[in-house]
Amino acid sequence: MSPDEVVRTIIAPVGATHQAQRANLLQYLCQIQHQLNCIPAAAINQLAGALHISAAEVRGVIEFYAFLHEQPRGQYDILFSDNITDQMLGSRKLLAQLCKRLDTEPGIPREDLRVTIDTTSCTGICEQGPALLVNGLVVSRLDNSRIEQIADLIESEVDATEWPQAFFLVEDNIHRRDQLLSKQTADLTPDGSALRALLQHDATTLLETIEASGLQGRGGAGFSAGKKWRRSKQTEADCRYVVCNADEGEPGTFKDRVLLNSYADSMFEGMTLCAGIIHAQHGYLYLRGEYRYLLESLQQVLQRRRDNKLLGRNILGKQGFDFDIDIHLGAGAYICGEESSLIESLEGKRGIPRKRPPFPATDGYLHKPTVINNVETFMAAAKIAVLGADWFRSSGTADSPGTKLLSISGDCKRPGTYEYPFGVTIRQILDDCGAENTQAVQIAGAAGTTLPITETDHCIAFEDIATAGSFMVFNNDRDLFQIVQNFTHFFAHESCGLCTPCRVGGELLKDLVDKLVNGHATRHDIGEIETIGALMQTASHCGLGSTAPNPILDLLKHFPQLVEKKLAHSNYEPAFDLDAALQESRDITGRDDAGAHIESLP
Ligand SMILES: Cc1cc2nc3c(=O)[nH]c(=O)nc-3n(C[C@H](O)[C@H](O)[C@H](O)COP(=O)(O)O)c2cc1C
Ligand code: SF4
């Protein structure tokens, strides 16, 4: 099909309002990219004309998202997952092997436009890595022989959808089930039971139950779900929205992938329950682009729910209970997991975080009250509606009721998804997953907390160590500097660039961490890292910038002996006085950091 024909078939379901069409821009772009492997100028102009916006605005959106490209990427667009856990499993060597076999350079389309090989941030397949995406499909468990096969398939032009099915196997790997995932709970809460509970009682009673359960958001921040729902319900508006955050971009997190694969009904039920309580008519599942391979099965679940009167008009026969859900795809931008960026992205724009307050609960999608919750939060809410607040509070701690799903990866024998009551110690988790010779654990992903093995009496709970799910284990053979370097580069790459502390601070931090890793840093550089890190933590506009320095600051705090060994020139007096030689230029530029290059340890 020509770009013209592709755009014509994609845009404009008849009757869609102009506002709705504009909000679909990102979805149109994702479809064009998927079908044509790029978004050509003709398609950009056509889209701009149809949506009454400028071509520059369309280009601005394309430029923001890593998975959209104006220039052709090649028939096979290959992206190796570049999370530290993939690297630990040898992803960089495998990438080099494939580049060599296909005679191409990373990031540059091959001359015949057959293939582009590049990297992307974590693809959420950490426990079955190394992984790659080929035209949006996930290939897991890469090794030398699989790479050789992939090279052959590409050279023989076998369509990626026809590659061996074993390549695309992504298992759930659930190793521990508790309150949410147990078979017993599933038997007690068949599809539709939360909605029946809602119709049997009423919205006010059900909202009180959710509040009484103490359910806190599972996406990281832990805000009370009940409070959020009540605030939305109480805001005067002609319509409201329910949005499920399935962006799951935090490196090392993959528990939502498992829920989307095997528990989607429960999640959609929680969204519909929320809609019934706050009186919303429409919902969105914001699905990260890396999980495009789950799109079809999720759409089938939605259709089945429509067929069973669990979605659509007059749900379960209740007059006026109307609610339906669309799936919107992300396109490779970690920042779009932040709720206000996610709303911008849902509206088809660049995912730049909004100023808050107002919060989405009162002023969200299209400036209407919008409840945004994580996949696991909606799933828990659906169970609470049926089994009650006391059932939920019977697990966990007083301040963190319920359970938490963890995505465990790295140096352990049994990586996968584990469900634990809040309050479980890190020591217990390490024992269960078969971690040995552990040096450190990284909890809550790149933005989270790094702890040495001596601190494993801490527990997973909002009052101690909070996490959206990521739990990466590093043994004593790992170089923690390399790990911190990976995370610092990740943040610098993913910064949206809106505010200076994060945009500039992230780059400065990256350079300083590189210097430290390469053994060229001095004590002065450590001071710089601490100053820039503190500034980013306090002055950044959103959570990305304020958490970006965590990995390096935790390393400095918990592993000072390793840092000191890495410093250059700590006990070294040079024969040549560089400061004196540079004094004139120092005076001109106003620098007052004499000794920066040789500052010695106290
Ligand atoms: C940079 C950044 C990325 C985030 N990514 C996600 C994400 O992928 N999934 C998620 O549920 N929440 C994510 N959040 C948290 C959301 O902003 C928001 O708190 C969450 O969706 C609310 O749902 P919950 O209360 O159920 O946790 C992110 C926050 C930040 C600052
Ligand atoms: S902190 Fe970073 S990601 Fe957040 S708004 Fe500022 S530049 Fe963008």
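The legends below describe close-up views of a predicted model.

**View 1. The surroundings of ligand 2 in the predicted model.** Ligand 2 is surrounded by 13 residues. The closest are Cys496, Leu498, Cys499, Cys502 and Cys542. Sorted by class, this shell holds eight nonpolar and five polar residues, and no charged ones. The space that ligand 2 takes up is the largest cavity.

**View 2. Helix α12 and its buried face.** Helix α12 covers residues 225–234. Its buried residues are Ala225, Gly226, Lys228, Trp229 and Ser232. Seen down the helix axis, these buried residues fall within an arc of 165 degrees, so they line one face of α12. An α-helix has 3.6 residues a turn, so residues three or four places apart point the same way. The buried residues of α12 pack against the helices α11 (203–213), α14 (264–278), α16 and α17 (375–387), and also against β9.

**View 3. Ser266 in helix α14.** Ser266 is part of helix α14, one of the elements against which the buried residues of α12 pack. Ser266 has a relative accessibility of 13% and therefore counts as buried, the cut-off being under 20%. Leaving aside residues up to four places away in sequence, Ser266 touches Phe378, Met379, Ala382 and Lys383.

View 4. Most peptide bonds are trans.

**View 5. His367 in the loop between α16 and β9.** The loop that holds His367 runs between α16 (339–346) and β9 (370–374). His367 has a relative accessible area of 52% and so is exposed, as the cut-off for that class is over 50%. Not counting residues up to four places away in sequence, His367 touches Glu347, Arg354 and Thr362. Ala237 is 130 residues from His367 in sequence, yet the two C-alpha atoms are 9.8 Å apart in space.

**View 6. His52 and His279, two residues with positive phi.** His52 is located in the loop between α4 (41–51) and α5 (55–64). Its phi is positive, at about 55 degrees, although His52 is not a glycine. With a relative accessibility of 63%, His52 counts as exposed. His279 is in the loop between α14 and β7 (282–287). Phi of His279 is positive too, near 65 degrees, and this residue is likewise not a glycine. The relative accessible area of His279 is 47%, so His279 is partly exposed. Most residues other than glycine have a negative phi.

**View 7. Helix α5 and what covers its buried residues.** In α5, the buried residues are Val58, Gly60, Val61, Ile62 and Phe64. The elements that cover these residues include α3 (25–36) and α4. The loop between α4 and α5 is the one in which His52 is found.

Note on methods. Residues are numbered from 1 along each chain as its sequence is written. Chains are lettered from A and ligands numbered from 1 in the order in which they are written. This is a predicted model: local features need pLDDT of at least 70, side-chain atom pairs count only at pLDDT 80 or more; totals for chains, interfaces and linings use all residues. Side-chain values use heavy atoms; hydrogens and water are left out. Helices (H or I, at least four residues) and strands (E, at least two) are DSSP runs, numbered from the N terminus. Buried means under 20% relative accessible area, exposed over 50%, partly exposed in between (1.4 Å probe, protein chains only). Contact means heavy atoms within 4.5 Å. A residue is near a molecule or strand if one of its heavy atoms lies within 4 Å of it. On a 1 Å grid over the protein atoms alone, a cavity is a set of points where a 1.4 Å probe fits but cannot get out, and a pocket is an open set with protein on both sides within 12 Å along at least five of seven lines; lining residues have an atom within 4 Å of a point. A molecule sits in a cavity or pocket if more than half of its atoms lie within 2 Å of its grid points. Ala, Val, Leu, Ile, Met, Phe, Trp, Tyr, Cys and Pro count as nonpolar, Asp, Glu, Lys and Arg as charged, and the others, Gly among them, as polar. The arc is that of the directions from the helix axis to the C-beta atoms.
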